[in-house]
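The sequence and structure come next.

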Amino acid sequence: MWRRGIVLAVLAVLLGLLMFLHARVPNAVGNLGSLLETFLPWLGLGILLLFALAVLRRSATALVALLLPVVVWVNLFGGQVTDKAGTGGNLTVATHNVDADNPDPAATARKIAASGADVVALEELTSDALPTYKRELAKTFPHSTVQGTVGLWSKHPLSDSAPVDIKLGWTRALRAVVTANGQKVAVYVAHLPSVRVKLEAGFTANQRDGSAEALGEAIAADPVKKAILLGDLNGTMNDRSLAPVTSQMRSAQGAAGDGFGFSWPAGFPMARIDHIMTKGMDPVASWSLASTGSDHLPMAARVKL
């Protein structure tokens, strides 16, 4: 039983090293590092497959070798599989990519309005659907601002609303100040460029990476000490290319969520690319909302100002 399954043992060690050294996988060729990091938690399925094969082969060597990827995976993601939600908090926020091809914007807007959020960010707004969202959300959220294809609706007063230049040539990000509970919070809404996986080009994320850098610079230079980022970043917290943003903000899901909080695609979520991040305040709870007809799930969080 110790001589059987040598190949399986080698594969287990390689899988463990791949997860442990994921930051060393280069982005120079097709952004392979970012592609790996986008779906990094799913490498855990490889552990299950190798475990099943090791049992079938009755290989003690392979089972011992599997300890390496198991320890690495638990170290990376073990904290995310538990419920870390706390109590308290005095501001609830939500973000949702509503999908430009959404067949029923009115129903989507009503579900968002009923979410209990105090502040809501929407991305991928179209000129045809925008009047519907404004009409359906107006009763719940008396304050709003729309810049380009992103918008912000709030129960609390808004001020200093303006687009944020993320180097695209058109507007897909905004900033506004929300005054809630006597405190000012800079709220950013962003929809970073989409990424694609192409055989001839790999993980095409260069435009997104440049936008992430511009967004990170804007947040870092903000004079308001408390900040919240809501939006579709087309990347996960593990993706090194989003470091200009993620290095200075806390993920609400990572700090106070229940599970991984995957948001896309809505039918079978595989990655959390829709984010709520905070700066200068503590997330208390984070969760996914029910599907609305979009190809993304809405995300919500409660924070303590």
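## A histidine in a strand

His191 lies in strand E7 (residues 183–191). Helices (H or I, at least four residues) and strands (E, at least two) are DSSP runs, numbered from the N terminus. This is a predicted model, in which local features need pLDDT of at least 70 and side-chain atom pairs count only at pLDDT 80 or more, while totals for chains, interfaces and linings use all residues. Residues are numbered from 1 along each chain as its sequence is written, and side-chain values use heavy atoms, with hydrogens and water left out.

His191 counts as buried because its relative accessibility is 4%. Buried means under 20% relative accessible area, exposed means over 50%, and partly exposed is in between (1.4 Å probe, protein chains only). Leaving aside neighbours within four places in sequence, His191 is in contact with Asn97, Glu123, Glu124, Val150, Ile166, Arg172, Asp232 and Asn234. Contact here means heavy atoms within 4.5 Å. With Asp232, the side chain of His191 also forms a polar contact of 3.3 Å. A polar contact is a pair of N or O atoms within 3.5 Å; within protein, one must be able to donate a hydrogen and the other to accept it, and residues adjacent in sequence count only if both atoms are side-chain atoms.

## Helix H1 and its partners

Helix H1 (residues 6–20) and helix H3 (residues 44–57) have axes that come within 10 Å and cross at roughly 165°. Axes are lines fitted to C-alpha atoms, for helices over the stretch in contact, and angles run from 0 to 180 degrees between N-to-C directions. H1 and H3 are therefore roughly antiparallel to each other. Angles under 35 degrees count as roughly parallel, over 145 as roughly antiparallel, 65 to 115 as roughly perpendicular and the rest as oblique. The crossing of H1 and H3 is left-handed. A crossing has this hand if the near helix is turned anticlockwise from the far one by less than a right angle, and is right-handed if clockwise. From H1, the contact uses Leu8, Leu11, Ala12, Leu15 and Met19; from H3, it uses Gly46, Ile47, Leu50, Leu53, Ala54 and Arg57. By class, these residues are 9 nonpolar, 1 polar and 1 charged. Ala, Val, Leu, Ile, Met, Phe, Trp, Tyr, Cys and Pro count as nonpolar, Asp, Glu, Lys and Arg as charged, and the others, Gly among them, as polar.

H1 also packs with helix H5 (residues 67–77), at an angle of about 25° and with the axes 8 Å apart. That angle makes H1 roughly parallel to H5. Their crossing is left-handed. H1 contributes Ala12, Val13, Leu15, Gly16, Leu17, Met19 and Phe20 to the contact, and H5 contributes Leu68, Pro69, Val72, Trp73 and Leu76. The contact of H1 with H5 has 11 nonpolar residues, 1 polar residue and no charged ones.

## Helix H6 under cover

Which parts of the structure cover the buried residues of H6? The cover includes strand E1 (91–97), strand E2 (119–123) and H7. In H6, 7 of its 9 residues are buried, namely Pro105, Ala106, Ala107, Thr108, Ala109, Ile112 and Ala113.

Helix H6 (residues 105–113) packs with helix H7 (residues 130–137) at about 35°, and their axes are 9 Å apart. This crossing of H6 and H7 is right-handed. On the H6 side, Pro105, Ala106, Thr108, Ala109, Arg110, Ile112 and Ala113 meet Thr132, Tyr133, Glu136 and Leu137 of H7. The residues of this contact divide into 7 nonpolar, 2 polar and 2 charged.

Ala212 belongs to helix H8 (residues 206–220). Because its relative accessibility is 0%, Ala212 counts as buried. Not counting residues up to four places away in sequence, Ala212 touches Leu192, Ser241, Leu242, Pro244 and Val245.

Ser263 is in the loop between helix H10 (252–256) and strand E12 (274–279). Ser263 counts as buried because its relative accessibility is 0%. Beyond residues up to four places away in sequence, Ser263 touches several others, including Asp274, Asp295 and His296. The side chains of Ser263 and Asp274 are joined by a polar contact of 2.6 Å.
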